[in-house]
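I opened the notebook to record what I looked up in this model. My entries follow the order in which I went through it.

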Amino acid sequence: RIIFLYYVILVLSLLTNVLVKRLRKLPIGRAWEAVREDEIACKALGMNVTNAKLSAFALGAMLGGVAGVFFAARQGFISPESFVFTESAIILAIVVLGGMGSQMGVVLAATLLVLIPEFGRNFAEYRMLLFGLAMVLIMVWRPGGLLAHREPTVRLNALGKTATIGGTAR
């Protein structure tokens, strides 16, 4: 039952990745990217920044709710003690370390930040110190995140027509 649940979660996470990649090419996805890059310019162009942010928050809450359902199914019981500060800090560190707007960066950061403390199990009392030191070193080495290079989802070609990153004109 548990192994089947892992496969279901893997399939759903891959579907979520495809959904987000497709949403980025729609007008709302381009609005999210524009708001992320320069909110003031979006307001100056007449874009409703509040609606763009609310739609991003609603989509994130929906995906988080779906993930929470599977977490609850795996745990069998949920209480407030299940969520400690350390886990919240690690999740925030994963997102920051992965790089803003980089899905593969977040996957890479999650792998690193889950494995680094496991290698430090022999140093039980210094484990969090080693974790913090590794975080500081990585942020000094790559301040924008592990995969910080962001390509716009859509850009204009020389003729002024909209073209995707692959070069297919639309």
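Which pattern does the chain follow, read along the sequence? I read α-α-α-α-α-α-α-β-β. That comes to 7 helices and 2 strands. I took helices (H or I, at least four residues) and strands (E, at least two) as DSSP runs, numbered from the N terminus.

**Ground rules**

I am working on a predicted model, where local features need pLDDT of at least 70 and side-chain atom pairs count only at pLDDT 80 or more, while totals for chains, interfaces and linings use all residues. Residues are numbered from 1 along each chain as its sequence is written, and side-chain values use heavy atoms, with hydrogens and water left out.

**Whole chain**

I looked up burial next. Of the 170 residues in the chain, 20% are buried. Buried means under 20% relative accessible area, exposed means over 50%, and partly exposed lies in between (1.4 Å probe, protein chains only). Then I checked contacts, meaning heavy atoms within 4.5 Å. Among contacts with a separation of 6 or more, 49% join residues 24 or more positions apart.

**Largest pocket**

How much space lies in the largest pocket? I noted about 2400 Å³. The search ran on a 1 Å grid over the protein atoms alone; a pocket is an open set of points where a 1.4 Å probe fits, with protein on both sides within 12 Å along at least five of seven lines. Lining residues have an atom within 4 Å of a point. The volume is the space filled by probe spheres set on the points, which are joined across faces, edges and corners.

I counted 50 lining residues, and Thr16, Leu63, Ile91, Val95 and Val106 lie nearest the centre. Helices H1 (2-23), H2 (27-37), H4 (49-75), H5 (85-98) and H6 (103-119) each give two or more residues to this lining. H4 gives the largest share, 15 residues. By class, I logged 30 nonpolar, 14 polar and 6 charged residues in the lining. Here Ala, Val, Leu, Ile, Met, Phe, Trp, Tyr, Cys and Pro count as nonpolar, Asp, Glu, Lys and Arg as charged, and the others, Gly among them, as polar.

**Largest nonpolar core**

Which residues make up the largest nonpolar core? I listed 9: Ala93, Ile94, Leu97, Ala109, Leu113, Phe131, Met135, Ile138 and Leu146. H5, H6 and helix H7 (127-141) each give two or more of them. A nonpolar core is a set of buried Ala, Val, Leu, Ile, Met, Phe, Trp, Tyr and Cys residues joined through side-chain atoms within 4.5 Å. I followed Ile94 further. Leaving out residues up to four places away in sequence, Ile94 touches Val106, Ala109, Ala110 and Leu113.

**Aromatic pair**

How many aromatic pairs does a search of the whole structure find? I found 1. Rings of Phe, Tyr and Trp (its six-membered ring) pair if their centres lie within 6.5 Å; planes under 30 degrees apart are stacked, over 60 edge-to-face, and the rest tilted. Phe71 lies in helix H4 and Phe83 in the loop between H4 and H5, so the pair ties together parts 12 residues apart in sequence. Phe71 is partly exposed at 32% relative accessibility. Phe83 is also partly exposed, at 45%.

I looked up Lys53 in helix H4. Lys53 is partly exposed, with a relative accessible area of 40%. Beyond four places in sequence, Lys53 touches Val35 and Glu39. The C-alpha atoms of Lys53 and Trp32 are 7.3 Å apart.

Arg74 is in helix H4 as well. I noted Arg74 as partly exposed at 37%. Where does its chain neighbourhood reach? Arg74 touches Ile2, Leu5 and Tyr6, not counting residues up to four places away. Ile2 is 72 residues from Arg74 along the chain, yet their C-alpha atoms are separated by 7.3 Å.
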